[in-house]
Amino acid sequence: LVEAEVTSLLKDRSDGEEATVYYCGIDVGKRSHMAIVVDDRSEIVKDAFRVTNDQAGFAKLMSVLSSW
């Protein structure tokens, strides 16, 4: 998304409040990866966690990310 689209999405809430943006950083490895989730204020929302490089690992990642 370009910045204008992101700004539009943030302001497009029925209650007039700006939505919080979350970022997931992933350190990619051969057998496993490390991921962390922070918000737009650089606050850690989800401490770093390991994601295995298989279907179960990516299911875990999607499960964690779907909570936001």
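This is a predicted model: local features need pLDDT of at least 70, side-chain atom pairs count only at pLDDT 80 or more; totals for chains, interfaces and linings use all residues.
Buried residues make up 16% of the 68 residues in the chain.

The protein chain contains two helices and three strands. Read from the N terminus, these elements follow the order α-β-β-β-α. Among the contacts with a separation of 6 or more, 10% are between residues 24 or more positions apart.

The strands are joined in the antiparallel sense. Strand 1, residues 22-27, runs antiparallel to strand 2, and six bridges join the two. Within this pairing, Ile 26 has Ala 35 of strand 2 as its bridge partner. The two strands form a hairpin, with four residues between them. Strand 2 also pairs with strand 3, residues 44-52, again in the antiparallel sense and over six bridges. Here the bridge partner of His 33 is Val 51 in strand 3. Strand 2 and strand 3 likewise form a hairpin with four residues between them, and Ser 42, in the turn, has a positive phi of about 65 degrees.

The covered face of strand 2, residues 32-39, carries His 33, Ala 35, Val 37 and Asp 39, whereas Ser 32, Met 34, Ile 36 and Val 38 lie on the uncovered face. Ile 36, a residue of strand 2, has a relative accessible area of 28% and is therefore partly exposed, since this class lies between the limits of 20% and 50%. Leaving aside neighbours within four places in sequence, Ile 36 is in contact with Tyr 23, Cys 24, Gly 25, Ile 44, Lys 46, Asp 47, Ala 48 and Phe 49. One of these contacts, Gly 25, is 11 residues from Ile 36 in sequence, and the C-alpha atoms of the pair are 5.4 Å apart.

Asp 39, on the covered face of strand 2, takes part in the one salt bridge that the structure holds. The side chain of Asp 39 meets that of Arg 41 at a distance of 3.0 Å, N to O.

Helix 2 spans residues 55-65, and its buried residues are Gly 57, Leu 61 and Val 64. Seen down the helix axis, these buried residues fall within an arc of 65 degrees, so they line one face of helix 2. The buried residues of helix 2 pack against strand 1, strand 2 and strand 3. On the other side of the helix, Gln 55, Ala 56 and Met 62 are exposed.

A nonpolar patch on the surface is formed by Tyr 22, Val 45 and Trp 68, which together have about 260 Å² of accessible area. Tyr 22 belongs to strand 1. With a relative accessible area of 37%, Tyr 22 is partly exposed.

Notes
Residues are numbered from 1 along each chain as its sequence is written. Side-chain values use heavy atoms; hydrogens and water are left out. Buried means under 20% relative accessible area, exposed over 50%, partly exposed in between (1.4 Å probe, protein chains only). Two strands pair if DSSP finds at least two bridges between them. Contact means heavy atoms within 4.5 Å. Patches are made of residues with over 30% relative accessible area and no salt bridge: like charges are joined within 9 Å, nonpolar side chains (Val, Leu, Ile, Met, Phe, Trp, Tyr) within 5 Å. Accessible areas come from the Shrake-Rupley method with a 1.4 Å probe; for residues, only the protein chains shown count as cover. A salt bridge is a side-chain nitrogen of Lys or Arg within 4 Å of a carboxyl oxygen of Asp or Glu. The arc is that of the directions from the helix axis to the C-beta atoms.
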